[in-house]
Amino acid sequence: MTDYKKMYFQLAAKVADVMDILLKAQREGEKEYMDGEPFPEGKVMVIQDESCECE
């Protein structure tokens, strides 16, 4: 019989590992952004939402 409890705990451990990796990447990205030079000519890009029927 399949040991679902063991499978669940293995999955939970892997999810926790992935969350740690994502949080570390986010922190590093934020640090790089804050330490970087400011953009003198900030650019704005507008993305049209084709599903919106707004005018």
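Of the 55 residues of the protein chain, 0% count as buried, where buried means under 20% relative accessible area, exposed over 50%, and partly exposed in between, with a 1.4 Å probe and protein chains only. The model is a predicted one, in which local features need pLDDT of at least 70 and side-chain atom pairs count only at pLDDT 80 or more, while totals for chains, interfaces and linings use all residues. Residues are numbered from 1 along each chain as its sequence is written, and side-chain values use heavy atoms, with hydrogens and water left out.

The accessible surface of the protein chain comes to about 6200 Å², and 60% of this surface belongs to carbon and sulfur atoms; accessible areas come from the Shrake-Rupley method with a 1.4 Å probe, and for residues only the protein chains shown count as cover.

Two salt bridges are present in the structure, a salt bridge being a side-chain nitrogen of Lys or Arg within 4 Å of a carboxyl oxygen of Asp or Glu. Glu28 and Lys24 are four residues apart in helix α1, and are therefore separated by about one helical turn. Asp35 and Lys31 likewise both lie in helix α1, four residues apart, which is about one turn of the helix.

| Salt bridge | N to O distance |
|---|---|
| Glu28 and Lys24 | 4.0 Å |
| Asp35 and Lys31 | 2.6 Å |

Glu28 counts as partly exposed because its relative accessibility is 44%, and Lys24 is also partly exposed, at 48%.

Leu11, Val15, Val18, Met19 and Leu22 make a nonpolar surface patch of about 460 Å². Patches are made of residues with over 30% relative accessible area and no salt bridge, with like charges joined within 9 Å and nonpolar side chains (Val, Leu, Ile, Met, Phe, Trp, Tyr) within 5 Å. Met19 has its place in helix α1, which covers residues 4-35, and this residue counts as partly exposed at 44% relative accessibility.

The structure also holds one aromatic pair. The ring centres of Tyr8 and Phe9 are 5.5 Å apart and their planes stand at 75°, so the pair is edge-to-face. Rings of Phe, Tyr and Trp (its six-membered ring) pair if their centres lie within 6.5 Å, and planes under 30 degrees apart count as stacked, over 60 as edge-to-face and the rest as tilted. Tyr8 is exposed, with a relative accessible area of 54%.

Terms used. Helices (H or I, at least four residues) and strands (E, at least two) are DSSP runs, numbered from the N terminus.
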